[in-house]
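Reader: I would like to learn how to read aromatic pairs in a model. Please start with the rule and then go to the case.

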Amino acid sequence: KARHIYSFGYSHSGYSAKQFTFRMVRMGFGVELIDYAIGLKEYTSIISEDDALVIFSISGGAQVNSPVNDLQYFDHSHKPNIIVFTMTSPSPAEKYADIVIHLPCVSRMAPDMIIDDAPVFFIAIELLLEAMAEGHNT
C-alpha cells in the first residue's frame, strides 16, 4: 500500500513504463510517469518511503551510464518500495530493489530475428493488473 506510485522507464523500456502508467490510471490508481534520463536522479529527493517506484529496464542498469543506476542516490532510510521488472540477471538494479521480477528476453533468445521485448513487459503488466484486480475483489 503506497501513498503514491511512480513508474520509470528509459529509452525503449520507457514504452513499458508508459503502458503500466496508462493501465494503472485506467484502474483508478494515481501513478506518475518518470520517463526521461535525468528524472530518476531528480526524484530521489521527492519520492519517500511511503511511495512505490516501479522500474522497467531490459538491462536492469547493466548499460554504462544507465539512469537506472541512479537508484544509488536514494537515502536508504527514506527509500521507496522499489519493484524492478528486468530481463537481465543479475542486474545492478537488484541490489536496490525490494522485489525483482525477471522476465525472458526474447531478443536474446532469437538474436537473428527481428523481435521486440516490449510485448513481454506488456504481458507481465497485464498479469500483474489481473492479480491486483482479483485480490481487490476477494
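Author: Rings of Phe, Tyr and Trp (its six-membered ring) pair if their centres lie within 6.5 Å; planes under 30 degrees apart count as stacked, over 60 as edge-to-face and the rest as tilted. By this rule there are four aromatic pairs. The model is predicted, so local features need pLDDT of at least 70, side-chain atom pairs count only at pLDDT 80 or more, and totals for chains, interfaces and linings use all residues. Residues are numbered from 1 along each chain as its sequence is written, and side-chain values use heavy atoms, with hydrogens and water left out.

Reader: Why is the pair of Y6 and Y43 edge-to-face?

Author: The ring centres of Y6 and Y43 are 5.7 Å apart and the planes are at 65 degrees, so the pair counts as edge-to-face. Y6 is in strand β1 (residues 5–9) and Y43 in helix α2, 37 residues apart. Helices (H or I, at least four residues) and strands (E, at least two) are DSSP runs, numbered from the N terminus.

Reader: Are Y6 and Y43 buried or exposed?

Author: Buried means under 20% relative accessible area, exposed over 50%, partly exposed in between (1.4 Å probe, protein chains only). Both Y6 and Y43 are buried.

Reader: What kind of aromatic pair do F20 and F56 form?

Author: The pair of F20 and F56 is tilted, with 5.5 Å from centre to centre and 50 degrees between the planes. F20 lies in helix α1 (residues 14–26) and F56 in strand β3, so the pair ties together parts 36 residues apart in sequence. F20 and F56 are buried.

Reader: Which residues form one aromatic cluster?

Author: The cluster consists of F20, F56, F85 and F121.
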